[in-house]
Amino acid sequence: MARRAVVIGAGLAGMLAAAALSTVADEVVVLDRDELPDGPEHRKGLPQGRHAHLLMAGGLAAMEDLVPGVSMRKHLLAAGAHEIPVANGMVALTPEGWFRRWRHPGPQMVTSTRALLDWAIRVAVLANTGVEIRKAQALELTGSRQRVTGVRLATAEGTEELPADFVVDASGRGSRAVKWLAGLGISDVREKTVDAGLVNATRLYRTPAGADRFPLTIVQANPYLGLPGRSGMMLPIEGDRWMVSLAGTRGGGEPPSDPDDFLRYALDLPDPIVGRLISGAEPLTDVHVSRSTSNHRRYLEKTRHWPERFVVLGDALATFNPAYGQGMSVAAMGAQVLSRELRRTGLAGDGLARRVQKAAARSVEGAWTMAVSQDVWFPGTRGGSPGFADRLVTAYTRRMIRTATASYTAASAVWDVTSMTTGPTRLLRPSTVLATLSGPPLPPAVGAPLTKEEREILRELDRTGS
């Protein structure tokens, strides 16, 4: 008998999960209620889709393992994405000072619009597997507390029941998994939200002539001042464009939607470099604003009972403040966990769904801790405040970041963790601890660490008189 797997959601997490399932199922059906675009275009089902997205090295490595016969790195770069070496292709101001740039490139990250990433991944999966996408809305799960047997869905023709040997919920931030599980008799799902009230505002610009190799530029928010956070980022994307995303937390830090105020906000950041860059660049779009930015986690791995043949992945499992650039990588790593377990036991392995759910939660844990441990320090954050343990961790982390601004040993540890190529324990290795306790071996950088050519580009673009 043919084995069918159903995936709810045709976004990044859903298509990667479908790719994993395609290796063991005879039929994989992906359900999505949206009309999916034929090209790299924004769709309404992604509230953060217009804003900055960074695909970290750990997430890209997971993708490379998931789509059969395709190098996702080459595929994404061919579609127009950019590859940025974090050690020397990025200029970053942290709360502890400017990071120096080093000769060794360090981990690589990929930048593009989210629309291009989703489209490129969807194209790769559909071209190299037997996965099918159907326009339909999932209404509920069928089955029992012991085992999910399918999905009841709504289509243009009415409602129907789609039997399945395995179901993955990758429907995103708006997932109804908790309600669906309650319908099966599982009502002990614990959830947590930590919300700093972050607002994102993004505008696209044409890359100025001669500035196509200008480094990705980040001015990070400082959560330790007792003031609303403000940050800004300029990253290169496909189509010879710059994406500029500004972000701020509640209580007066929120960025504006007015174009003139957008520039003024960028110039008022802890360093005006992003504003100076865009003051002489040609804007291509209006300013797009989004507020769907809270950290939200569903502790599904902790329920007393879990049905066989059902897994929740991606944003349906946990969402993060997008300022930390972790969501896509966590989704890819969750799909990789699913793939690994499927290769071991196939669709019908006893306890498969529970093992995947617990392992996916471990992928979430590091990213959750990284995001929440900073967000709790912003004034007005809802759902969390710093406790004694947070203060100890923060004291060490701040000292380490201060050291990393001028120490390759400490910086490489930070890059490995933030790039998700290794877990947070990397920060506790003896060499990292020793470097942290010793402090920065070089004096702090004075101003952005730009090359002579980059300083000239900035000077030519600057219309502010700075």
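A salt bridge here is a side-chain nitrogen of Lys or Arg within 4 Å of a carboxyl oxygen of Asp or Glu. By that rule the count comes to 23 salt bridges. You're looking at a predicted model, where local features need pLDDT of at least 70 and side-chain atom pairs count only at pLDDT 80 or more, while totals for chains, interfaces and linings use all residues. Residues are numbered from 1 along each chain as its sequence is written, and side-chain values use heavy atoms, with hydrogens and water left out.

**Stop one: salt bridges**

Select Arg-3 and Asp-26, whose side chains meet in a salt bridge (3.3 Å, N to O). Arg-3 lies in the segment before strand S1 (4-8) and Asp-26 in the loop between helix H1 (12-21) and strand S2 (27-32), so the pair ties together parts 23 residues apart in sequence. Helices (H or I, at least four residues) and strands (E, at least two) are DSSP runs, numbered from the N terminus.

Glu-27 is partly exposed at 27% relative accessibility, and Arg-4 is partly exposed at 23%. (Buried means under 20% relative accessible area, exposed over 50%, partly exposed in between, with a 1.4 Å probe and protein chains only.)

Jump to helix H13 (residues 452-461), where Arg-459 and Glu-456 lie 3 residues apart, about one turn of the helix. Their closest N and O atoms are 2.6 Å apart in a salt bridge. Arg-459 is exposed, with a relative accessible area of 51%, whereas Glu-456 is partly exposed at 32%.

For a network of salt bridges, pick Glu-96, Arg-398 and Arg-402.

**Stop two: rings**

Rings of Phe, Tyr and Trp (its six-membered ring) pair if their centres lie within 6.5 Å; planes under 30 degrees apart count as stacked, over 60 as edge-to-face and the rest as tilted. The structure holds 5 aromatic pairs. One of them, Trp-306 with Phe-310, is stacked, at 5.8 Å centre to centre and 20° between the planes. Both Trp-306 and Phe-310 are buried.

Next, select Tyr-408 and Trp-415, an edge-to-face pair with 5.9 Å centre to centre and 70° between the planes. Which residues do ring pairs link into a cluster here? Show Trp-102 alongside Tyr-408 and Trp-415 and you have the cluster.
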